[in-house]
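Trainee: I have a structure open and want to learn how to read its features. Can you walk me through it?

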Amino acid sequence: MTMAGQERYPDWSDVETLVFDWGYMKWLTTRKTHGIAIPAIGMVTMLPGQGHARHNHPASAELLYVVSGTGEQMVELDDGTPDVRQVSTGDVIHVPQAVFHSTLNTGWAPMQVLAMYSPAGAEEDLLTQPDLMTLTAGELPTFRPERS
């Protein structure tokens with residue numbers, strides 16, 4: 001963040017967009033911009049029929065708040081059994097530290113999820129994904145269905 005005070009009033013239009021095959025995300029607070037004293041907070045948009053694969057965050061717990069849409073959330077139980085639930089607008093999901101989880105948009109519209117990592121830092125792992133494309137602040141992602 002470059003402007004004085006901007007770290008206290010971060011704005012979605014001032015941060016880059018991370019684009020993946022399944023959708024895109026913006027991180028409003030990160031370990032890099034705000035340290036680990038506050039959670040990393042980002043907005044995730046999953047395209048219809050898309051989602052992110054099973055993964056975990058070894059050093060962070062995660063809270064997810066479904067802002068809009070419907071989906072299927074999987075969070076593994078302590079014995080490794082997948083616990084799959086249908087989620088929709090207003091639902092909150094707690095993913096404990098190092099627990100495997102995945103999310104799939106089962107609706108016809110984009111699914112938006114507010115994601116929070118505590119402590120911050122897990123968001124940096126996304127920068128190593130092979131399908132990542134980074135757009136500068138203000139640049140809009142565009143998606144077109146593939147035609148056969």
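Mentor: Start with a charge over a ring. The term applies if NZ of Lys or CZ of Arg is within 6 Å of the ring centre and within 35 degrees of the ring normal. Here the charged end of R54 lies over the ring of F100, 3.7 Å from its centre.

Trainee: What kind of model is this, and how are residues numbered?

Mentor: It is a predicted model; local features need pLDDT of at least 70, side-chain atom pairs count only at pLDDT 80 or more, and totals for chains, interfaces and linings use all residues. Residues are numbered from 1 along each chain as its sequence is written, and side-chain values use heavy atoms, leaving out hydrogens and water.

Trainee: How many aromatic pairs are there?

Mentor: A pair of aromatic rings is described by the distance of the centres and the angle of the planes. Rings of Phe, Tyr and Trp (its six-membered ring) pair if their centres lie within 6.5 Å; planes under 30 degrees apart are stacked, over 60 edge-to-face, the rest tilted. The whole structure holds 2 aromatic pairs. F20 and W22 are stacked, because their ring centres are 5.0 Å apart and their planes at 5 degrees.

Trainee: Are F20 and W22 buried or exposed?

Mentor: Buried means under 20% relative accessible area, exposed over 50%, partly exposed in between (1.4 Å probe, protein chains only). Both F20 and W22 are buried.
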